[in-house]
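Please open the model in your viewer and keep the selection panel handy. We will go from stop to stop, and at each one you will get something to select.

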Amino acid sequence: TFTPFDENLSIDPTQIEAQASWMNQTGVKYAFVSGTTGESVKLTLAERYSQAEAWLNIAPKYGLECIIHVGDESIDNARAMAAHAEKHGATAFAAMPPSFFKPSSTEALAHYMASVASAAPTLPFLYYHIPSMTGVAFPDGMFGFVQEMDKANVNNFIGVKYTGLYTFPGFMDATKILNYKHGKYQVLCGRDEMMLEALAAGITGFVGSQYNFIGDFYNMIRNAWKSNNITLARELQMTAINMIEAWSDVPSGVNGCKNVFNCATGSAVPKVGDARLPSMPITDDAKSTLKTNVETWCKSSTYASETLLCQSM
């Protein structure tokens, strides 16, 4: 979920209910709170506590469950946020690794994550693998990490949110995890634009940025796959990839994805604001270009035009 900011780039908690309502209307069932899309480690510890509580308070009203991201450069902060998530009724929690003092191996990573997981022993725990941002990756892949966690008997560890599917060993790694010990561990796909490939690999859970605003479109892909209409599923996936192209025209360093929401004007649209530094603020010209691109996307297919986003432009 996007962290909603006001004009002063302070968290605007009044928008969280609008976000929850939007997700409910578009068929999204889980809120992954304060992850990469939510600008996670840009937030203070107090902000992450308050945002977790706000989501956990409002989620039941809209039929949502919450996974709270607790990854932090400080292991004590990560453990404290894990305990907080457990106390306030989260469904699960996840953590990405420290990215300055990096673990040296999957064994070291497993020791670190076992400590984080133990701070909330009653909640399912996911490791958040996003090497494009953290730089944490090893030759034995996430399968090696899963084996280390299994060896350490981390009872609440349930699998990996895998956003490193572009990098070796990628889908081969994910397949090894899914087949390990008769499917004991899950893999969640962290790449929106690879939903079809993930479904073909047997992955059923998805966490990504675009589900904030076009979760209904991605559910069309899932339904086409489930109906064995592969041609339609492929066409829909290509259209979803084109949505990513819609924000490629914004200047380097600008969070175009978050500003997609800011192109829509309907009364039900959450006001999520711009992104914090070091993301660059979007200019009026860039926002105008983005709005034109999103409007073009909405007209690109009947399926796109049916989304709540396009109906709110």
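The tour below visits the sheet, a helix, a glutamine and then the cysteines.

Before we start, note that this is a predicted model, in which local features need pLDDT of at least 70 and side-chain atom pairs count only at pLDDT 80 or more, while totals for chains, interfaces and linings use all residues. Residues are numbered from 1 along each chain as its sequence is written, and side-chain values use heavy atoms, with hydrogens and water left out.

**Stop 1: the sheet**

Show the cartoon and look for the strands. Helices (H or I, at least four residues) and strands (E, at least two) are DSSP runs, numbered from the N terminus; two strands pair if DSSP finds at least two bridges between them. Here 7 strands form an open sheet with parallel pairing, in the order β1-β2-β3-β4-β5-β6-β7. At the edges stand β1 and β7 (205-206), each with a single partner strand, so one side of each has no neighbour in the sheet.

Now select residues 30-33 and 65-69. These are β1 and β2, which pair in the parallel sense over 4 bridges. Pick V33, and you will find I68 of β2 as its bridge partner.

Next, select β4 (residues 125-129) and β5 (residues 157-162), a parallel pair with 5 bridges. L126 has G159 in β5 as its bridge partner.

**Stop 2: helix α6**

Select residues 141-151. How many residues of α6 are buried? Buried means under 20% relative accessible area, exposed over 50%, and partly exposed in between (1.4 Å probe, protein chains only). In α6, 9 of its 11 residues are buried, so the helix is mostly covered. Among them are F143, F145 and M149. The buried residues pack against α4 (106-118), β4, β5 and α7 (170-179). Just after the helix, click N153, which takes a positive phi of about 55°.

**Stop 3: Q19**

Move to helix α1 (residues 16-25) and select Q19. At 3% relative accessibility, Q19 counts as buried. The side chain of Q19 reaches the backbone oxygen of F2 at 2.8 Å. Leaving aside neighbours within four places in sequence, Q19 is in contact (heavy atoms within 4.5 Å) with T1, F2, P4, W55, N212, P270 and V272.

**Stop 4: the cysteines**

Which cysteines form a disulfide? Select C298 and C310: their sulfur atoms are 2.0 Å apart and form a disulfide, a term used for a pair of cysteine sulfur atoms within 2.5 Å. The structure holds 1 disulfide. C298 lies in helix α12 (residues 284-298) and C310 in helix α14 (residues 308-311), so the pair ties together parts that are 12 residues apart in sequence. The torsion about the S-S bond is about -85°, so this disulfide is left-handed. Both C298 and C310 are buried.

Finish with two cysteines that are in no disulfide. For C189, the nearest cysteine sulfur, that of C257, is 15 Å away; C189 counts as buried at 0% relative accessibility. For C263, the nearest is that of C298, 9.6 Å away, and C263 counts as buried at 2% relative accessibility.

Technical notes
A polar contact is a pair of N or O atoms within 3.5 Å; within protein, one must be able to donate a hydrogen and the other to accept it, and residues adjacent in sequence count only if both atoms are side-chain atoms.
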